[in-house]
Amino acid sequence: MTSIQQLLTWDNPVFTAYVIAAAVTVLKVMGQGWMTVWRFQTTGRGLASPEDAAKGLLNPAPDPGQLDLDDYVDRSRRMHRNDLENIPAFWVAGFLFVLIDPALALAQVLFYGFLAARAGHFWAYATAQSHEIRATFYTIGSLIVIWMGVQVLWVALT
């Protein structure tokens, strides 16, 4: 049996694959917040809270219209919320999956498959594709996380 210390090293290519996927998703989550800020800055609309429309260095000429719903800004906010609802489950399930010492090819397919599914979901949401297209990418990513969780549970219980 492999020890946890051996599994969580750069010598373990499964761990390295997980770290790469986790780091990319961290950048995605954080980048989505900045995308929302950029969209507000370019439209001047779609602020989330009344105090956001107060006068300040970044908002020298506040206007009540800045609080009006703007789909361009809100779409990015919804994308961020979706990331926050789905990506943390991948971080946990993926980390636990590393601990069950899976085959490298399987781990890479799952980790990078999740990245591809989230990239597809981002593209579908950002470009206002049909719900069916967006849901397909969501489903692929969700099933990957569920599968990893079930495998971890199976190993823990057997």
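With which side chain does the side chain of N82 make a polar contact?

Modeller: This is a predicted model, and what follows should be read with that in mind. The side chain of N82 makes a polar contact with the side chain of R118, at 2.7 Å.

N82 itself sits in helix α3, which runs over residues 71-99. Its relative accessible area is 13%, so N82 counts as buried, the limit being under 20%. If neighbours within four places in sequence are set aside, N82 is in contact with R118 and H121. Another residue to look at from here is Y138, which is 56 residues away from N82 along the chain. The C-alpha atoms of N82 and Y138 are separated by 9.6 Å.

M79 is also in helix α3. M79 has a relative accessibility of 3%, so this residue is buried too. Leaving out neighbours within four places in sequence, M79 is in contact with Q32, F122, Y125 and A126. A54 gives another view of distance: M79 and A54 are 25 residues apart in sequence, and their C-alpha atoms are 25 Å apart in space.

D101 is found in the loop between α3 and α4, the latter being residues 104-126. Most residues other than glycine have a negative phi. D101 is not a glycine, yet its phi is positive, about 55°. D101 is partly exposed, with a relative accessible area of 39%. A128 also has a positive phi of about 55° without being a glycine. A128 is in the loop between α4 and α5, where α5 covers residues 131-157.

Helix α3 also has a part in the largest pocket. That pocket holds about 190 Å³ of space. The elements that give two or more residues to its lining are α2, residues 13-43, and α3. The largest contribution comes from α2, with 4 residues. Among the lining residues are T36, V37, F40 and Q41, as well as V73 and R77. Sorted by class, the lining has 6 nonpolar, 3 polar and 2 charged residues.

At the start of α2, a side-chain oxygen of N12 reaches to within 3.0 Å of the backbone nitrogen of V14. After α2 comes G44, which has a positive phi, near 70°.

Definitions and conventions. Residues numbered from 1 in each chain as written. Predicted model: local features only at pLDDT ≥ 70, side-chain atom pairs only at ≥ 80, totals over all residues. Heavy atoms only, no water. Buried < 20%, exposed > 50% of the residue type's maximum accessible area, 1.4 Å probe, protein only. Polar contact = N/O pair within 3.5 Å; in protein donor to acceptor, adjacent residues only side chain to side chain. Contact = heavy atoms within 4.5 Å. 1 Å grid on protein atoms, 1.4 Å probe; cavity = no way out; pocket = protein on both sides within 12 Å on 5 of 7 lines; lining within 4 Å. Points joined across faces, edges and corners; volume = space filled by probe spheres on them. Nonpolar A, V, L, I, M, F, W, Y, C, P; charged D, E, K, R; others polar.
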